[in-house]
Amino acid sequence: MIANKLCCTLAFSALLCFGFVALIQAQDKPVTDVCLGCICDAISGCNQTRFCGGGVCGLFRITWAYWADGGKLTLGNESPQSEDAYANCVNDPYCAANTIQNYMTKFGQDCNGDGGVDCYDYAAIHKLGGYGCKGELGYQYQNTLDKCLTNFSPLDVRTSG
């Protein structure tokens with residue numbers, strides 16, 4: 001239990017070191033830095049190894065369709081039509097986070113019927129897509145998300161701000 005909490009804390013701290021706090025400070029970004037960190041922890045354990053497999057890439061496990069719906073962001077002056085544009089972006093923490101912000105701006109909604117849009121909704125949208133977010137998340141994803149949000153609740157994870 002202590003090892004899991006330490007692991008989550010270290011993973012979250014690593015995300016903060018990558019600059020998510022500065023990245024997500026802008027008012028027009030719907031997902032908080034804490035929420036992004038918890039989604040990352042739930043979806044991949046924030047594994048920062050460059051990864052593509054099973055139709056997903058990066059520490060947020062983003063699909064090509066998700067990346068496209070998120071605006072086909074790229075690194076530097078790379079063309080979105082480049083063969084490597086998708087993998088390069090979603091394997092980069094900044095580009096991936098901005099892709100998620102764009103996706104949530106487009107698809108943000110109350111998935112759990114509680115009358116608001118918060119990190120729980122964004123996590124459902126991230127895992128299940130903009131049209132399927134009312135479905136079941138799966139025990140491991142939900143449990144990891146819940147633990148992370150509980151551990152970092154003093155940082156205002158329920159609202160975007």
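Predicted model: local features only at pLDDT ≥ 70, side-chain atom pairs only at ≥ 80, totals over all residues.
Helices here are DSSP runs of H or I with at least four residues, strands are runs of E with at least two, and both are numbered from the N terminus. Residues are numbered from 1 along each chain as its sequence is written, and side-chain values use heavy atoms, with hydrogens and water left out.

So, Arg61. Its phi is positive, about 50 degrees, and it isn't a glycine. Most residues other than glycine have a negative phi. Cys46, also not a glycine, has a positive phi of about 55 degrees. You'll find Cys46 in the loop between α3 and β1 (52-53), and it's buried at 7% relative accessible area (buried is under 20%, exposed over 50%, partly exposed in between, with a 1.4 Å probe and protein chains only).

Now, what does His126 touch, leaving aside its neighbours within four places in sequence? Taking contact as heavy atoms within 4.5 Å, the answer is Ile39, Ile43, Phe60, Ile62, Tyr66, Ile100, Met104 and Tyr141. His126 lies in helix α7 and is buried, with a relative accessible area of 7%. Its side chain also reaches the backbone oxygen of Phe60 at 2.8 Å (a polar contact is a pair of N or O atoms within 3.5 Å; within protein, one must be able to donate a hydrogen and the other to accept it, and residues adjacent in sequence count only if both atoms are side-chain atoms).
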